[in-house]
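Please look over the sequence and the model shown below before reading on. The paragraphs that follow lead through the structure step by step.

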Amino acid sequence: MNLGLRTALAMSAFAGNSLLCRLALRHTNIDAASFTSLRLVSGALFLAWLASRRAPAAHPLRGNVVSALALWAYAAAFSFAYLGLTAATGALILFGTVQLTMTATGLWRGERLAPRQLFGMALAMAGLVYLLLPGVAAPGWRSGSLMVLAGVAWGVYSLRGGGVADPLAVTAGNFRLAVVPALLLSALMLSQSSWDGMGALYAVVSGALASGAGYAVWYSVLPRLKATQAATVQLSVPVLAALGGVLLLGEALSPRLLLAAGVVLGGVALVSLSRR
């Protein structure tokens with residue numbers, strides 16, 4: 001499979017997570033905590049299976065507690081946020097927050113940005129603020145805040161995972177550890193839990209394919225992409241989620257969302273395309 005096709009598959013998988021989560025929580029009876037648990041359990045099992053198929057000399061599964069907690073925080077906040085967000089709005093908030101978190105961390109660590117990059121960062125932040133400002137077309141503050149939290153958590157997880165020797169083994173280990181707090185949350189919310197077959201199926205597909213397989217494909221692509229290419233290609237995720245939301249879920253694209261999307265993605269592009 002060539003590089004372009006694998007990259008497209010990975011981006012489609014990432015957008016698919018938004019669509020599957022929104023579809024499950026909107027059209028089935030599964031609750032957000034159960035969706036999170038099933039997603040992480042199925043992802044952990046699939047990644048462990050992928051890791052077991054490699055040569056015996058490959059690294060054993062190993063995760064990090066802090067990274068696993070960040071992964072769980074992302075997955076849980078992501079699920080609860082989609083109780084009140086469309087697929088497109090959620091993906092835009094998530095994507096913009098992840099990029100801003102990683103860029104801000106670089107600045108804190110002493111990285112220097114050109115004036116155009118600083119302007120792009122300010123532009124992206126302004127677009128997110130505009131999208132979340134109170135108004136008729138604004139997403140609910142609780143759901144929006146949860147997706148911002150999910151973006152920060154995923155940004156932290158991504159930063160902690162940079163440069164690991166065996167990304168597949170580490171990711172599989174982190175998924176395995178993240179299952180523990182996910183199941184604890186489900187246990188705490190047992191009185192509010194609800195299940196059905198289709199909701200469980202969407203959660204398993206999200207965990208095993210959109211998350212497990214998607215991450216595995218992405219990690220196989222990353223070593224062959226420049227940093228600017230890797231950052232820029234992810235601009236497609238909110239666009240794919242928006243198209244999927246319109247075509248598959250019947251969601252509408254409001255003028256507010258379209259304007260915010262243009263501002264956020266334009267700002268992120270200025271930051272990403274200017275990196276060395």
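**A walk through the model**

A search of the whole structure finds 9 aromatic pairs, where rings of Phe, Tyr and Trp (its six-membered ring) pair if their centres lie within 6.5 Å, and planes under 30 degrees apart count as stacked, over 60 as edge-to-face and the rest as tilted. In one of these pairs, the ring centres of Y74 and W154 are 4.8 Å apart and the planes stand at 45°, so the pair is tilted. This pair joins distant parts of the chain, with Y74 in helix α3 (residues 65-81) and W154 in helix α6 (residues 141-160), 80 residues apart. Y74 has a relative accessibility of 5% and therefore counts as buried, and W154, at 19%, is buried too; here buried means under 20% relative accessible area, exposed over 50%, and partly exposed in between (1.4 Å probe, protein chains only). Ring pairs also link a cluster made of F14, Y74, F78, Y82, W154, Y157, F175, Y215 and W218. Over the face of F78, a member of that cluster, lies R39, at 5.1 Å from the ring centre; a charge sits over a ring if NZ of Lys or CZ of Arg is within 6 Å of the ring centre and within 35 degrees of the ring normal.

Two notes on the source belong here. The model is predicted, so local features need pLDDT of at least 70 and side-chain atom pairs count only at pLDDT 80 or more, while totals for chains, interfaces and linings use all residues. Residues are numbered from 1 along each chain as its sequence is written, and side-chain values use heavy atoms, with hydrogens and water left out.

Seen as a whole, the protein chain has 11 helices and 0 strands, helices (H or I, at least four residues) and strands (E, at least two) being DSSP runs numbered from the N terminus. Of its 276 residues, 51% count as buried. The accessible surface of the chain comes to about 12900 Å², and 69% of this belongs to carbon and sulfur atoms; such areas come from the Shrake-Rupley method with a 1.4 Å probe, and for residues only the protein chains shown count as cover. Among contacts (heavy atoms within 4.5 Å) between residues at least 6 apart in sequence, 90% join residues at least 24 apart.

Some single residues illustrate such links. S18, placed in helix α1, is buried with a relative accessible area of 2%, and, not counting residues up to four places away in sequence, S18 touches F78, Y82, A87, A91 and A241. Of these, F78 and Y82 also belong to the aromatic cluster. T97 is in helix α4 (residues 87-108) and is buried as well, with a relative accessible area of 6%. Leaving aside neighbours within four places in sequence, T97 is in contact with L128, V148, G151 and V152, and the C-alpha atoms of T97 and M147, 50 residues apart in sequence, are 8.5 Å apart in space.

Side chains of opposite charge can pair when their charged atoms come close. How many salt bridges does a search of the whole structure find? The search finds 1 salt bridge, defined as a side-chain nitrogen of Lys or Arg within 4 Å of a carboxyl oxygen of Asp or Glu. The partners are R22 and E251, whose closest N and O atoms are 3.5 Å apart. R22 lies in helix α1 (residues 3-27) and E251 in the loop between α10 and α11 (255-273), so that the bridge links parts of the chain 229 residues apart. Both R22 and E251 are buried.

Helix α10 (residues 236-249) gives the largest share of the patch, 6 residues. L248 is placed in that helix and is exposed, with a relative accessible area of 65%.

A126, in helix α5 (residues 115-132), is partly exposed at 41%, and its C-alpha atom is separated by 7.8 Å from that of V263, 137 residues apart along the chain. Q192 sits in the loop between α7 (167-188) and α8 (197-221) and is exposed, with a relative accessible area of 56%.
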